[in-house]
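Please look through the sequence and the model below before reading on. The paragraphs that follow go from the overall layout to individual side chains.

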Amino acid sequence: MNFRVRPSTKEDCKDISRMIMELAVYEKMPDQVEISHKELERDGFCQNPFFECLVAEVPEEHKSKEGNGIGKGLLCKVAEVGRKKECVRLQLSVLDWNTPSRDFYAAKGAQDLTVSEGWHFIRFDGQNLDNLANEAPKD
């Protein structure tokens, strides 16, 4: 398979936004997407970016084929970038019904902390996040 993994550019944000929505549709959660390509541009390419993103450049004739190694290549590149930045772990969120992804990560040596340690992922968003922020001590 011929592909290259590279850091994203501001020009990639429309495609990144589209792929976020495609993933949300696959995960049966399209109503949860609340970020636009403009926000990705602003948040990822400012003086102190909130995130980094990698992009796989794939020849057109290979884009629709499954099992082409792109997902593995991206995951391995994320691990490489993390190690270079002295990260000690890579943590992912996977829906409980997404058995193919869970099996893939397990085959690469990932531990399911839900089972082994009982961790739960907790989220504040929307009005609950606003309420929490409004309770912050005033300067």
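**Layout, charges and surface**

Read along the sequence, this protein follows the pattern β-α-α-β-α-α-α-α, so that, by DSSP runs numbered from the N terminus, its secondary structure comes to six helices and two strands. The model is a predicted one, and its C-alpha trace spans about 55 × 40 × 35 Å along the principal axes. Of the 139 residues, 14% count as buried, while the accessible surface comes to about 11,400 Å², of which 53% belongs to carbon and sulfur atoms. Among the contacts between residues at least 6 apart in sequence, 60% join residues at least 24 apart.

Charged side chains come next. The protein has 20 positive and 25 negative side chains, and the centres of these two sets lie 6 Å apart. How many salt bridges does the structure hold? There are eight salt bridges in the structure, and several of them can be followed one by one.

One of them pairs Arg4 with Glu57, the closest N and O atoms being 3.0 Å apart. This pair links distant parts of the chain, since Arg4 belongs to strand β1 (residues 4–7) and Glu57 to strand β2 (residues 54–57), 53 residues apart. Arg4 is partly exposed, with a relative accessible area of 46%, and Glu57 is likewise partly exposed, at 33%. Glu57 also forms a salt bridge with Arg6, where the closest N and O atoms are 2.4 Å apart; this second pair again links distant parts of the chain, with Glu57 in strand β2 and Arg6 in strand β1, 51 residues apart. Arg6 counts as buried, because its relative accessibility is 14% and the cut-off for a buried residue is under 20%.

A further salt bridge joins the side chains of Lys85 and Glu52, at 2.5 Å from N to O. Lys85 lies in the loop between α3 and α4 (99–107), and Glu52 in the loop between α2 and β2, so the pair ties together parts that are 33 residues apart in sequence. Lys85 counts as partly exposed, at 48% relative accessibility, whereas Glu52 is exposed, with a relative accessible area of 61%.

If residues up to four places away in sequence are not counted, Glu41 touches Lys10 and Cys13.

Which residues make the nonpolar surface patch of about 280 Å²? The patch is made by Val78, Leu90, Leu92 and Val94. Of these four residues, Val78 has its place in helix α3 (residues 70–84). Val78 is partly exposed, with a relative accessible area of 36%, and it can therefore be counted in such a patch, for which a residue needs over 30% relative accessible area and no salt bridge.

Conventions
Residues numbered from 1 in each chain as written. Predicted model: local features only at pLDDT ≥ 70, side-chain atom pairs only at ≥ 80, totals over all residues. Heavy atoms only, no water. Patch = residues over 30% accessible without salt bridge, like charges linked within 9 Å, V, L, I, M, F, W, Y side chains within 5 Å. Areas by Shrake-Rupley, 256 points an atom, 1.4 Å probe, with all protein chains shown as cover. Salt bridge = Lys/Arg side-chain N within 4 Å of Asp/Glu carboxyl O. Buried < 20%, exposed > 50% of the residue type's maximum accessible area, 1.4 Å probe, protein only. Contact = heavy atoms within 4.5 Å. Lys, Arg positive; Asp, Glu negative; His and termini not counted. Charge placed at Lys NZ, Arg CZ, Asp CG, Glu CD.
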